[in-house]
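Here is a short briefing to read alongside the sequence and the model. Take a look at the structure first, and then we can walk through it topic by topic.

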Amino acid sequence: MTRKRSPIVPLGRDAASRFLPVVFGLMVYLAGLSLAAVLVLSGAVEQISRQGIDVLTVEVPPDEAGETAERAARVLARLEASPDVAAAHLISDFEVRALLRPWLGADPLPDDLAIPRLIDVTLKPNAEITASALAESLAAEVPGVRIDDPKIWLDRLGTFGRSLALVAGIIAALVIAATAVMAVVSTRMAISVHRDLVELLHLMGGRDTFVARLFQFQAFRVGLIGGVIGAALAALTLLGLEQAGRRLDGLLFIEAGLDPIGFAAIGALPILTAALAMLTARMTALGALRRLP
Amino acid sequence: MLFRRPVKPPAAEGAFIRFESVGLRYGLGPEVLHDISFSLEPGEFRYIVGPSGAGKTSLLRLLYLAHRPTRGLIGVFGHEIATASRADLAGLRRRIGVVFQDFRLLDHLTAHENVALPLRIAGANEAEAREHVTEILTWVGLADHMHARPATLSGGQKQRVAIARAVITRPDLLVADEPTGNLDDTLGFRLMHLFEELNRVGTTVLIATHSETLIAHNPHPAMRLSAGMLDVPGSLAA
């Protein structure tokens, strides 16, 4: 029977090496969540930017005399005549008061309280007019008319989403950098622990690349094991979050989930981590070996 | 016969081993070797003798390329060490077998794996290597300890494993630091016979020892090292 050859450098046997896959796993877990955050937020921002602005609310405040009905009727007529407007609906006084109830209470409102009239406007698909142009045109006819433009709010939301995605990207980059630093430290530690052995291999004529290979393969193995653990945990966490998100169905106006490509990216993390750890360990080992005569 | 391969001829541009006015100091400490000059030709067998602390191990470390000299020139197999590339140095080291005074066996490897290590480094065929290692371990009397780890071997057994490892690649130069120090005379003489057989097929052998008995039993020319100065007999001078 052929005996299995022992590894030249017993890298997996010291205490530090046994914990390394766990630490790599945690790093990959954090990287996976950060990456998922980047993908989800980027997708959400894109959805927001694509969101059609086809519903506007026109606000007709009372004039100095407190008159609103005639002003609202003029605005409504102007809107209905516009080629870009599909529908315009004057919200009744009753509906407006119902909208104000959560803020002003259920008591009857005083008669002298100036309450603006609201008109819901639905623009035609591919309408060329912008909210601000429509507001200008209406204000020219009925002074004081304003339009509540949701695009402004959506733009701000998009900017906020992009900022969050950037922060998540920075966190992912930092975690990847920390993983590389960890590979450097662990390789240096391993070389330090096995310094006599490394020198012996060097004196026996082992080329730097031969000796470095012993450390880089160990780094690859540890990176892969840790990567698989971390990526699996990250995928489970994301699936759990997705399940929780489904309960909010209808409350969100965008689809905020990780698509199959996102999950594939998480799945690629173990290989990327192992490759990063291997490359870093190789460079570190070669650097350390160059200090030998 | 254990050693069959003829030794590679040295490169044409210089002596086999050549030291010229070599000095060595560790860091900023005092010089431990002063103006060492000598040469070795292919097939020579020589001793370096001297008391403890004379600098024998330091001289050997220069020979097996573990250090670079602080001053002077060293030529190995016709290559100037000062100008040799890292890849060249690795190639030169493979042609040198070393028996370390403290054996330097790897505790996690068996005797067989320890001896096979230089062959693994050289990328030798595994099946051939296994056969050759078994042959040489049998020759040094360790046939029953092939799969023992160093921790379970006696000092003498470890030394024999170290010697087997040094000669497994049939090196062009064998450097041994007190190679029979832990062995009884009978075994010591037997291993000296191994060195002499290796030397007969062309390997240059240099042994550092303080055993006059060994030298008397296996007489070969000796260079004397004392307080970092090497006394080379006139007939051996470079």
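Let's start with T284(A), which touches V184(A), T187(A) and R188(A), leaving aside residues up to four places away in sequence; contact here means heavy atoms within 4.5 Å. Please keep in mind that this is a predicted model, in which local features need pLDDT of at least 70 and side-chain atom pairs count only at pLDDT 80 or more, while totals for chains, interfaces and linings use all residues. Residues are numbered from 1 along each chain as its sequence is written, chains are lettered from A and ligands numbered from 1 in the order in which they are written, and side-chain values use heavy atoms, with hydrogens and water left out.

**Chain A: a helix residue and the domains**

- T284(A) sits in helix α8 (residues 260–289) of chain A; helices (H or I, at least four residues) and strands (E, at least two) are DSSP runs, numbered from the N terminus.
- T284(A) counts as buried because its relative accessibility is 11%; buried means under 20% relative accessible area, exposed over 50%, and partly exposed in between (1.4 Å probe, protein chains only).
- Chain A is assigned domain 1 (11–50 + 154–289) and domain 2 (55–148), with bounds that come from an automatic or database domain assignment.
- The C-alpha centres of domain 1 of chain A and domain 2 of chain A are 54 Å apart.

**Where the two chains meet**

- The contact takes 27 residues from chain B and 27 residues from chain A.
- About 2,500 Å² is buried between chain B and chain A, and carbon and sulfur atoms give 55% of that area; buried area is the accessible area (1.4 Å probe) that two parts lose on being put together, summed over both.
- On the chain B side, R86(B), H108(B) and R120(B) lose the most area to chain A, together 27% of what that side buries.
- Between chain B and chain A, 14 residue pairs are in polar contact (both at pLDDT 80 or more). A polar contact is a pair of N or O atoms within 3.5 Å; within protein, one must be able to donate a hydrogen and the other to accept it, and residues adjacent in sequence count only if both atoms are side-chain atoms.
- In chain B, the elements giving two or more residues to the side that touches chain A are α2 (86–94), α3 (111–121) and α4 (126–139).
- That side of chain B divides into 11 nonpolar, four polar and 12 charged residues. Ala, Val, Leu, Ile, Met, Phe, Trp, Tyr, Cys and Pro count as nonpolar, Asp, Glu, Lys and Arg as charged, and the others, Gly among them, as polar.

**Salt bridges**

- The whole structure holds 14 salt bridges over all chains, a salt bridge being a side-chain nitrogen of Lys or Arg within 4 Å of a carboxyl oxygen of Asp or Glu.
- Three salt bridges are found across the interface of chain B and chain A.
- R104(B) pairs with E199(A) in a salt bridge, with the closest N and O atoms 2.7 Å apart.
- Both R104(B) and E199(A) are buried, and a network of salt bridges links E199(A), R61(B) and R104(B).
- Within chain A, R146(A) and E59(A) meet in a salt bridge (2.5 Å, N to O).
- That pair links distant parts of the chain, with R146(A) in strand β4 (residues 146–148) and E59(A) in strand β1 (residues 55–60), 87 residues apart.
- R146(A) is partly exposed at a relative accessible area of 45%, and E59(A) is partly exposed at 25%.

**Buried parts of chain B**

- Helix α1 (residues 56–63) of chain B is largely enclosed by the rest of the structure, because seven of its eight residues are buried.
- F195(B) lies in helix α6 (residues 185–200) of chain B and counts as buried because its relative accessibility is 0%.
- F195(B) and F45(B) are 150 residues apart in sequence and 9.0 Å apart in space, C-alpha to C-alpha.

**Loops of chain B**

- F103(B), in the loop between β6 (96–99) and α3 of chain B, has a positive phi near 65° and is buried, at 11% relative accessible area.
- A227(B), in the loop between β9 (222–226) and β10 (229–231) of chain B, has a positive phi near 50° and is exposed, at 58% relative accessible area.
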